Amino acid sequence: CSSSQFGEMEMTIVVDRETLLHYGVTVVLLMVKVLVVSVASGAYKLAARVPTAPEDVRFMGGDRKNARFGIGVPGTERCYAALRNDFEQVYPFVIVSGLLVVLDDSTLLGQPIWVFFYAYAAARWAHTLCFLLALAPWRSVAFGTGLTIYVTFIIKLASILLSLITKS
């Protein structure tokens, strides 16, 4: 690749097949988690016969004027909060860890980086389950574990990028 701001910069990208495979499995595990929470939210609303949107009222046989649209339905508020948290944590992690895979950084703290992919996925699954089941303080422990891995990856990525920029 080249950059006019930093002069000519040439880089060959070599992706470790094993690391890429583990990254892919981790992404699937994380997206399945998000999908499960999304479906659970819909199941809560359907069980309570609460429409998601105004156009669903007629289908569900309710009164549009008095429809709650998922607000206040037990379980849905927690699902919504868990999904919002995924937008803040999971999706950025997938991007940052993907960049680490592409930049061929295969170790962290002397371990293969993919070990931390699975640790993050396990922490996020644990966080979501603890959140949905209202299990404090375990929810915070799981969140902190995932966040620590995520922040460590950001620092590592920033270090790699800084190194590449200063080499040009």
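The side chains of Asp-86 and Lys-33 meet in a salt bridge, with N and O 2.8 Å apart. A salt bridge here is a side-chain nitrogen of Lys or Arg within 4 Å of a carboxyl oxygen of Asp or Glu. Asp-86 belongs to helix H3 and Lys-33 to helix H1, so the pair ties together parts that are 53 residues apart in sequence. Asp-86 and Lys-33 are both buried, where buried means under 20% relative accessible area, exposed over 50%, and partly exposed in between (1.4 Å probe, protein chains only).

The model is predicted: local features need pLDDT of at least 70, side-chain atom pairs count only at pLDDT 80 or more, and totals for chains, interfaces and linings use all residues. Residues are numbered from 1 along each chain as its sequence is written, and side-chain values use heavy atoms, with hydrogens and water left out.

## Overall arrangement

The chain has five helices and two strands. Helices (H or I, at least four residues) and strands (E, at least two) are DSSP runs, numbered from the N terminus. Read from the N terminus on, the order of elements is α-α-α-β-β-α-α. The chain comprises 168 residues, of which 33% count as buried. Contact means heavy atoms within 4.5 Å. Among contacts between residues at least 6 apart in sequence, 70% join residues at least 24 apart.

## The salt-bridge network

The structure holds two salt bridges. Besides its bridge to Lys-33, Asp-86 forms one with Arg-124, the closest N and O atoms being 3.1 Å apart. Asp-86 lies in helix H3 and Arg-124 in helix H4, so this pair ties together parts that are 38 residues apart in sequence. The relative accessible area of Asp-86 is 0%, and Asp-86 is therefore buried. Arg-124 counts as buried at 2% relative accessibility. Through shared partners, the salt bridges join Lys-33, Asp-86 and Arg-124 into one network.

Leaving aside neighbours within four places in sequence, Arg-124 is in contact with Leu-30, Lys-33, Asn-85, Asp-86, Gln-89, Val-90 and Phe-143. Thr-128 is also placed in helix H4. With a relative accessible area of 4%, Thr-128 is buried. Again leaving aside neighbours within four places in sequence, Thr-128 is in contact with Lys-33, Val-37 and Asp-86.

Two packed helices are described by the angle between their axes and the distance between the axes. Axes are lines fitted to C-alpha atoms, for helices over the stretch in contact, and angles run from 0 to 180 degrees between N-to-C directions.

| Helix pair | Angle | Axis distance |
|---|---|---|
| H3 (residues 76-102) and H4 (residues 113-132) | roughly 175° | within 11 Å |
| H1 (residues 17-47) and H4 | about 10° | 9 Å |

Angles under 35 degrees count as roughly parallel, over 145 as roughly antiparallel, 65 to 115 as roughly perpendicular and the rest as oblique. H3 and H4, whose axes cross at roughly 175°, are therefore roughly antiparallel to each other. Their contact includes Asp-86, Gln-89 and Phe-93 of H3 and Phe-117, Arg-124 and His-127 of H4. By class, the contact of H3 with H4 has 12 nonpolar, five polar and three charged residues. In this scheme Ala, Val, Leu, Ile, Met, Phe, Trp, Tyr, Cys and Pro count as nonpolar, Asp, Glu, Lys and Arg as charged, and the others, Gly among them, as polar.

H1 and H4 pack at an angle of about 10°, which makes H1 roughly parallel to H4. Among the residues that meet are Tyr-23, Leu-30 and Lys-33 in H1 and Trp-114, Tyr-118 and Trp-125 in H4. The contact of H1 with H4 has 15 nonpolar, four polar and three charged residues.

The buried residues of H4 include Ile-113, Phe-116, Ala-123, Cys-130 and Phe-131. Their cover includes H1, H3, strand E1 (107-108), strand E2 (111-112) and helix H5 (138-167). H4 is followed by Ala-134, whose phi is positive, near 55°.

Val-50 is placed in the loop between H1 and helix H2 (56-60). With a relative accessible area of 4%, Val-50 is buried. Val-50 and Val-73 are 23 residues apart in sequence, and their C-alpha atoms are 7.8 Å apart in space.
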